[in-house]
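Here is a short briefing to read with the model open beside you.

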Amino acid sequence: MDMTPSICITDFSENILDKSIHFKIIRLEQSFFVWVGSKPMLSNMAVAMPATYGQIPAVSTLFGAKLEQISESLAQKLAKKYKCQVFVSCSVPFDPNLSVLIEKRLAQELNQIFPSS
């Protein structure tokens with residue numbers, strides 16, 4: 001009997017541009033969920049899936065405001081890179097400089113979780 005866990009949860013925090021940013025990654029068998037926030041809340045969620053035809057993954061907001069589309073953008077980038085379904089909730093106010101650093105820190109962690117991607 002295979003006793004390999006099918007769910008893996010990773011939590012970490014980082015001080016980025018003087019803001020305490022918290023991350024949670026939940027890896028499932030064929031998808032993963034990413035939450036990024038400065039407060040413990042789930043204000044929006046987007047999902048992206050790799051494209052069957054073409055290179056741009058399909059993306060949609062499941063709930064929450066679409067005004068800044070941070071969750072959609074991040075979900076789409078991650079689905080393209082890791083070639084699986086990705087759910088993202090980003091509850092950090094939009095700041096272009098902060099967003100770049102959040103993506104960079106998240107990429108470092110995801111590269112450890114998915115070393116072959």
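This is a predicted model: local features need pLDDT of at least 70, side-chain atom pairs count only at pLDDT 80 or more; totals for chains, interfaces and linings use all residues.

Glu72 belongs to helix H1, which covers residues 70-82. From there we can turn to how H1 packs with H2, then to strand E6 (residues 85-91), and finally to Phe114, in the segment that follows H2 (96-113).

- Is Glu72 buried or exposed? Its relative accessibility is 10%, so Glu72 counts as buried, the cut-off for that being under 20%.
- Beyond its neighbours within four places in sequence, Glu72 makes contact with Ala46, Val59, Ser60, Thr61 and Lys66.

**H1 against H2**

- The axes of H1 and H2 lie 13 Å apart, and the two helices pack at an angle of about 30°.
- That angle makes H1 roughly parallel to H2, because angles under 35 degrees count as roughly parallel.
- The crossing of H1 past H2 is right-handed.
- On the H1 side, the residues that meet H2 are Leu74, Lys77, Leu78, Lys81 and Tyr82. Their counterparts in H2 are Glu103, Leu106, Ala107, Leu110 and Asn111.
- By residue class, this contact of H1 with H2 comprises 6 nonpolar, 1 polar and 3 charged residues.

**Strand E6 and its partners**

- Of the 7 residues in E6, 5 are buried, so the strand is largely enclosed by the rest of the structure.
- Strand E3 (residues 31-37) runs parallel to E6, and 7 bridges join them. One of the pairings to look for is Ser31 with Gln85 in E6.
- Strand E4 (residues 45-49) pairs with E6 in the antiparallel sense, over 3 bridges. Here Ala48 has Val86 of E6 as its bridge partner.

- Why does Phe114 count as buried? Its relative accessibility is 17%, and the cut-off for buried is under 20%.
- Which residues does Phe114 touch, leaving aside its neighbours within four places in sequence? They are Arg27, Phe32 and Tyr82.

Conventions. Residues are numbered from 1 along each chain as its sequence is written. Side-chain values use heavy atoms; hydrogens and water are left out. Helices (H or I, at least four residues) and strands (E, at least two) are DSSP runs, numbered from the N terminus. Buried means under 20% relative accessible area, exposed over 50%, partly exposed in between (1.4 Å probe, protein chains only). Contact means heavy atoms within 4.5 Å. Axes are lines fitted to C-alpha atoms, for helices over the stretch in contact, and angles run from 0 to 180 degrees between N-to-C directions. Angles under 35 degrees count as roughly parallel, over 145 as roughly antiparallel, 65 to 115 as roughly perpendicular and the rest as oblique. A crossing is left-handed if the near helix is turned anticlockwise from the far one by less than a right angle, and right-handed if clockwise. Ala, Val, Leu, Ile, Met, Phe, Trp, Tyr, Cys and Pro count as nonpolar, Asp, Glu, Lys and Arg as charged, and the others, Gly among them, as polar. Two strands pair if DSSP finds at least two bridges between them.
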